[in-house]
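Reader: Could you walk me through this structure, one question at a time?

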Amino acid sequence: MSLDVHRDLALAEKSKNEPLYAIASDGDHLEAERKRLGVLHKSITNLFDNKLIFAPVTLTKGDHILDCGTGTGIWANQVAKVVPGDVVVEGADISRRFFPSPGENSAVIFHNLSTFDLPTEWENRFKLVNQRLMIACFSRPQWETALQQIRRVLSPDGWVQLVEVQQKHEFSATHPKYQRLLDMLHPMMRSRGFILDIGLEVEEMMQRGGFQNVTRTRRAMPIGEWGGEPGREGWAWLVGAYGGMKDAILQAGAVESGEEFDRMMREAFEESNEIPGLAHDMEVICGQKVV
Ligand SMILES: C[S@@+](CC[C@H](N)C(=O)[O-])C[C@H]1O[C@@H](n2cnc3c(N)ncnc32)[C@H](O)[C@@H]1O
């Protein structure tokens with residue numbers, strides 16, 4: 001009996017730090033997900049007036065920047081082009097699958113490692129840590145771990161900035177068909193311990209977890225024809241995200257079949273074009289390390 005308890009505890013501890021990325025991005029899905037991350041990057045930067053750095057940080061010669069969960073490194077690559085040349089930009093991801101190939105010219109140094117396990121020698125190293133779009137990767141306890149790790153590698157006056165897509169929206173009154181998609185998605189997210197009200201909860205975690213000057217900014221990202229080009233792009237990445245999560249949603253039993261899922265997606269898409277106003281909030285949360 002005691003052996004089982006030990007085994008269960010070991011499993012719980014292991015799963016606490018295991019990646020949970022719910023969006024399919026291997027094999028046939030790889031290129032689609034890479035493209036989706038590109039569209040989403042463009043949408044986010046357009047929404048925030050082409051800003052890449054939100055934290056009020058001053059970067060000088062020899063400073064280091066880290067992009068955690070860097071994916072394709074699109075943010076890191078663009079940041080490397082706008083900061084002074086002697087600022088070192090690094091990207092880290094648990095998977096290499098999206099990393100630029102060695103032949104591609106990049107000023108960014110890429111590392112294949114998990115945010116839950118950042119190297120001890122990185123302590124106090126980074127003036128700025130960026131982390132974006134981890135809502136479908138981290139459970140609540142994993143967010144706590146990630147923030148502790150990020151805090152550890154920040155320099156004494158360093159800043160973290162997080163960018164996330166808010167999930168806690170209520171569209172029943174205006175867009176009931178889109179609301180049905182959320183009602184199908186949310187049980188899968190809850191079953192994996194993902195946080196729906198991401199901006200608020202992460203802001204509170206940072207306030208409790210050794211960060212000061214914590215701020216949260218929200219902007220509504222339009223979804224559908226009513227939003228013009230940004231609205232069309234909004235659908236493009238959203239459809240990609242739902243498509244990538246289809247298997248996880250079916251596994252969670254939130255919808256009866258793949259055909260039913262596809263039908264719901266089509267109906268929500270038509271509704272978003274017929275009824276203006278559908279939007280998801282993008283949240284930017286910044287905080288400075290308390291020494
Ligand atoms: C949705 S993508 C976001 C990529 C990038 N941040 C962006 O904004 O384009 C999530 C990325 O997080 C990575 N990831 C998931 N769990 C991770 C972990 N524990 N440590 C580091 N990276 C992780 C995934 O491999 C994936 O590349």
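Author: Gladly! Two residues are in contact if their C-beta atoms, placed from the backbone, lie within 7 Å. This is a predicted model, where local features need pLDDT of at least 70, side-chain atom pairs count only at pLDDT 80 or more, and totals for chains, interfaces and linings use all residues. Residues are numbered from 1 along each chain as its sequence is written.

Reader: Among contacts between residues at least 6 apart in sequence, what percentage join residues at least 24 apart?

Author: Start with the contacts in the protein whose partners are at least 6 apart in sequence. Of these, the share that joins residues at least 24 apart is 78%.

Reader: What radius of gyration does the protein have?

Author: The radius of gyration is taken over C-alpha atoms, and the globule rule is 2.2 Å times the number of residues to the power 0.38. For 291 residues, a compact globule would come out near 19 Å, and the protein agrees because its own value is 19 Å.

Reader: Which residues have the most contacts inside the largest nonpolar core?

Author: A residue is buried if 20 or more other C-beta atoms lie within 10 Å of its own, exposed if 12 or fewer, and partly exposed in between. A nonpolar core is a set of buried Ala, Val, Leu, Ile, Met, Phe, Trp, Tyr and Cys residues joined through C-beta atoms within 7 Å. The largest one here has 68 residues, and those with the most contacts inside it are Val129, Ile150 and Ile249.

Reader: Which residues does valine 129 touch?

Author: Leave out residues up to four places away in sequence. Valine 129 then touches Leu66, Cys68, Ile150, Val153, Leu154 and Val160.

Reader: Which helices are included in what covers the buried residues of H5?

Author: Helices (H or I, at least four residues) and strands (E, at least two) are DSSP runs, numbered from the N terminus. Helix H5 covers residues 176-191, and its buried residues are Tyr178, Leu181, Met184, Leu185, Met188 and Met189. Their cover includes helices H7 (228-244), H8 (246-251) and H9 (258-274).

Reader: Is aspartate 49 buried or exposed?

Author: Aspartate 49 sits in the loop between H2 and strand E1 (64-68). Although it is not a glycine, aspartate 49 has a positive phi of about 55°. Because 7 other C-beta atoms lie within 10 Å, aspartate 49 is exposed.

Reader: And how does asparagine 213 count, with 13 C-beta neighbours inside 10 Å?

Author: Asparagine 213 lies in strand E6 (residues 211-222). Asparagine 213 is not a glycine either, yet has a positive phi of about 50°. With 13 C-beta neighbours inside 10 Å, asparagine 213 counts as partly exposed.

How values were computed. Expected span 1.5 Å × (residues − 1).
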